[in-house]
Amino acid sequence: MADLGEHRRRALRLPVSTRWLAAAAAALLVVAGVSGAWAIRAQQQRDDALRQLALAADAPGTVMGRILSAPDAKVQQVSVPGGGTLVLAHSRQDAVAGVVTLGLPQPAQGHVYELWLGDASGTMKPAGLVKGTGSTWNELPGGIGSSTVLGVTVEPAGGSKQPTTAPIVVQQFS
């Protein structure tokens with residue numbers, strides 16, 4: 001009978017220890033879950049901050065601010081035949097430039113507007129594709145260099161190495 005009594009005592013203790021182990025395991029799971037959630041949130045905040053920094057570094061306002069604060073800053077407004085306006089802004093000294101389009105109509109299907117920088121000899125070099133229609137910002141990486149004119153053509157999607165159409169705009173830099 002003594003063995004039966006010992007067995008009963010063990011049976012009564014087992015649920016208590018089992019409950020204690022279950023509570024400890026649950027507490028560990030909660031701590032692990034909170035720690036994991038905190039780590040994920042911290043990583044998301046770092047990622048968001050890096051994205052915002054990257055956007056700020058490339059933001060049109062940042063580049064335009066650099067252009068306009070340059071001692072040799074120039075800004076020109078040009079009407080585009082067929083509709084729209086270009087605003088050219090540049091600083092030769094700081095080697096920054098950009099083109100803002102306002103109200104530029106959609107080119108024909110499968111075509112894009114392409115920007116060109118031309119020199120005194122008439123040689124035109126690609127300066128980038130206009131990113132969209134309507135109102136856009138288009139930075140000219142490296143500025144305008146020794147270029148004397150900006151040209152705009154309508155080219156096949158993807159652009160061209162040389163103009164394939166007559167320019168719709170040729171504007172001399174002031």
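## Close-up views of a predicted protein chain

**View 1. Gln-93 sits in a loop between two strands.** Gln-93 is found in the loop that links β2 (85-91) to β3 (96-104); helices (H or I, at least four residues) and strands (E, at least two) are DSSP runs, numbered from the N terminus. This is a predicted model, in which local features need pLDDT of at least 70 and side-chain atom pairs count only at pLDDT 80 or more, while totals for chains, interfaces and linings use all residues. Residues are numbered from 1 along each chain as its sequence is written, and side-chain values use heavy atoms, with hydrogens and water left out. Is Gln-93 buried or exposed? Gln-93 is exposed, with a relative accessible area of 54%; buried means under 20% relative accessible area, exposed over 50%, and partly exposed in between (1.4 Å probe, protein chains only). Leaving aside neighbours within four places in sequence, Gln-93 is in contact with Pro-71 and Asp-72, where contact means heavy atoms within 4.5 Å. The C-alpha atoms of Gln-93 and Ile-67 are separated by 9.6 Å, and these two residues are 26 apart along the chain.

**View 2. The whole chain, for orientation.** The protein chain has 2 helices and 8 strands, and from the N terminus on the order is α-α-β-β-β-β-β-β-β-β. Of its 174 residues, 29% count as buried. The chain exposes about 10900 Å², with carbon and sulfur atoms supplying 63% of that area; accessible areas come from the Shrake-Rupley method with a 1.4 Å probe, and for residues only the protein chains shown count as cover. If you take the contacts between residues at least 6 apart in sequence, 54% join residues at least 24 apart.

**View 3. An open sheet holds β1, β2, β3 and β6.** These 4 strands are ordered β1-β2-β3-β6, with antiparallel pairing; two strands pair if DSSP finds at least two bridges between them. At the edges are β1 (74-79) and β6 (134-139), each pairing on one side only. From one strand to the next, the twist averages 15°; axes are lines fitted to C-alpha atoms, for helices over the stretch in contact, and angles run from 0 to 180 degrees between N-to-C directions. Between β1 and β2 there are 6 bridges, and Val-78 stands opposite Leu-86 in β2. The hairpin formed by β1 and β2 has 5 residues between the strands, and Gly-82 in the turn has a positive phi of about 95°.

**View 4. Thr-85 in strand β2.** Thr-85 belongs to β2, a strand joined to β3 by 7 bridges in the antiparallel sense. Across that pairing, Leu-102 in β3 is the residue opposite Thr-85. Thr-85 is buried, with a relative accessible area of 17%. Which residues does Thr-85 contact, leaving aside its neighbours within four places in sequence? They are Gln-77, Val-78, Val-80, Val-100, Thr-101 and Leu-102.

**View 5. A second open sheet has β4 inside it.** Here 4 strands follow the order β5-β4-β7-β8, and their pairing is antiparallel. The edge strands β5 and β8 (169-172) each have a single partner strand, so one side of each is left without a neighbour in the sheet. The twist in this sheet averages 30° from one strand to the next. Strand β4 (residues 111-118) is largely enclosed by the rest of the structure, because 7 of its 8 residues are buried. On one pairing, 8 bridges join β4 to β7 (residues 149-156), where the bridge partner of His-111 is Pro-156. On another, 5 bridges join β4 to β5 (residues 124-129), and Glu-114 stands opposite Leu-129. In the β4-β5 hairpin, with 5 residues between the strands, Gly-122 takes a positive phi near 95°. Finally, β7 and β8 share 4 bridges, with Gly-151 opposite Val-170 in β8.

**View 6. Nonpolar cores and Leu-115.** In soluble globular proteins, nonpolar side chains tend to be buried together. A nonpolar core is a set of buried Ala, Val, Leu, Ile, Met, Phe, Trp, Tyr and Cys residues joined through side-chain atoms within 4.5 Å. The largest one has 18 residues, and those with the most contacts inside it are Leu-86, Leu-115, Leu-140 and Leu-150. Strands β2, β3, β4 and β7 are the elements that give two or more residues to this core. Apart from it lies another core, of 8 residues, including Ile-67, Val-87, Val-96 and Val-100. Beyond its neighbours within four places in sequence, Leu-115 has contacts that include Val-99, Ala-127, Leu-140, Leu-150 and Val-152.
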